[in-house]
Amino acid sequence: MKNLKKKVRFRINLKSKHLLAIMTIFCISCIVATFASGITTAPLQDAAGALIVPFENSINNISSVLTGIQSSMRDKQEILVENENLKAQVDSLTEQNNKLIQDQTELVRLQQMYNLDQQYTEYPKVAAEIISKDPGNWYDTFMINRGSADGIRVDNNVIAGKGLVGIVTEVGTHWATVRSIIDDSSNVSAMTVSTQDNCVVEGDLELIDEGKLSFSQLYDQDNKVTVGERIVTSNISEKYVEGLFIGYVSDIQQDSNNLTKTGTIVTPVDFQHLKDVLVITVNKQDSITEGGQNEE
């Protein structure tokens, strides 16, 4: 009984390296016995295949999955790089598009200035840029970057867009202040183009929200002035040269005295987005003085 317990204790305490050596010897003995006895190895191969093939399939499946993940990661990285390149291209194209829009806007503005200059070829003019203005949304009073050194004088008329903007009220060497015709203190002696009837165009900062000016003292006895009539500066104006376009009649009403009419005018000038102007460098008084000298 004691010997049996010793044997059992011996098997339990058998080390791994001893077990491996025993199994190796056993396998070699089986192989030798097989070759010596001529017994076929097919059953062993089948057994080995049953154990190894599923393992190989699992390895192949895992390898395929890992390859797919690696390919996906590589594709994702390539997509990210391509996306960054596309973003850079979009930013570049956006910048180029903005530049083209600015250039197009500048071209349109310069074309308008040229057309306006050609419309009044009888008057010498100097181009100027607006450099500051009074607080508020409208250019009722503003400063330009041209002054006496450029031939600018007080009472020079100022035009922009498609018509009259205002008049120079103060001049420095390289700057000048302009009061526009929308200012509440502005009064312009004007006339209708078709009938030559005189009126007074007055600034109104409330009406300009609708793009309009007001006029009064229109003497239209024959009722020929209607909506759409062109209004220009009058030949009898003391400070404005004749024929500068002011706007179109948009509304006209008979006054209570039944002698004169009042109404509103739509101005062609955008007094909310002025940038550049043309200053007419001759005054109305210059032509009056020249006329008097010629008569003498």
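This is a predicted model: local features need pLDDT of at least 70, side-chain atom pairs count only at pLDDT 80 or more; totals for chains, interfaces and linings use all residues.
Residues are numbered from 1 along each chain as its sequence is written, and side-chain values use heavy atoms, with hydrogens and water left out.

**The whole chain**

Colour by secondary structure, and the chain shows 4 helices and 12 strands, these being DSSP runs numbered from the N terminus (helices are H or I of at least four residues, strands are E of at least two). Of the 296 residues in the chain, 29% are buried, where buried means under 20% relative accessible area, exposed over 50%, and partly exposed in between (1.4 Å probe, protein chains only). Among contacts between residues at least 6 apart in sequence, 58% join residues at least 24 apart, a contact being heavy atoms within 4.5 Å.

**The barrel**

Select next the strands E1, E2, E5, E4, E3 and E12, which in the order E1-E2-E5-E4-E3-E12 form a closed barrel of 6 strands with antiparallel pairing. Neighbouring strands of this sheet are turned by 45 degrees against each other on average, direction ignored; the axes are lines fitted to C-alpha atoms, for helices over the stretch in contact, and angles run from 0 to 180 degrees between N-to-C directions. Two strands count as paired if DSSP finds at least two bridges between them.

Begin with residues 125–133, strand E1, and residues 141–144, strand E2, which pair in the antiparallel sense over 3 bridges; Lys-133 has Phe-142 in E2 as its bridge partner. From E2, move to strand E5 (residues 176–180), which runs antiparallel to E2 and is joined to it by 4 bridges. Then select strand E3 (residues 157–160) with strand E12 (residues 276–280), an antiparallel pair held over 2 bridges, in which Ile-159 has Leu-278 of E12 as its bridge partner.

**The largest pocket**

Display Arg-109, Gln-112, Gly-161, His-273 and Leu-274, which among the 13 lining residues lie nearest the centre of the largest pocket. On a 1 Å grid over the protein atoms alone, a pocket is an open set of points where a 1.4 Å probe fits, with protein on both sides within 12 Å along at least five of seven lines, and lining residues have an atom within 4 Å of a point. The space in this largest pocket is about 250 Å³. Helix H3 (residues 42–119) gives the largest share of the lining, 3 residues, and the lining as a whole divides into 5 nonpolar, 3 polar and 5 charged residues.

**Val-249**

Leaving aside neighbours within four places in sequence, its contacts include Phe-215, Val-227, Ile-231 and Ile-265.

**Two positive phi values**

Most residues other than glycine have a negative phi. Asp-155, in the loop between E2 and E3, has a positive phi near 80 degrees and is partly exposed at 23% relative accessible area. End at Gln-217 in strand E8 (residues 212–218), where phi is positive, near 60 degrees, and the residue is exposed at 52%.

Technical notes:
Grid points are joined across faces, edges and corners, and a volume is the space filled by probe spheres set on the points. Ala, Val, Leu, Ile, Met, Phe, Trp, Tyr, Cys and Pro count as nonpolar, Asp, Glu, Lys and Arg as charged, and the others, Gly among them, as polar.
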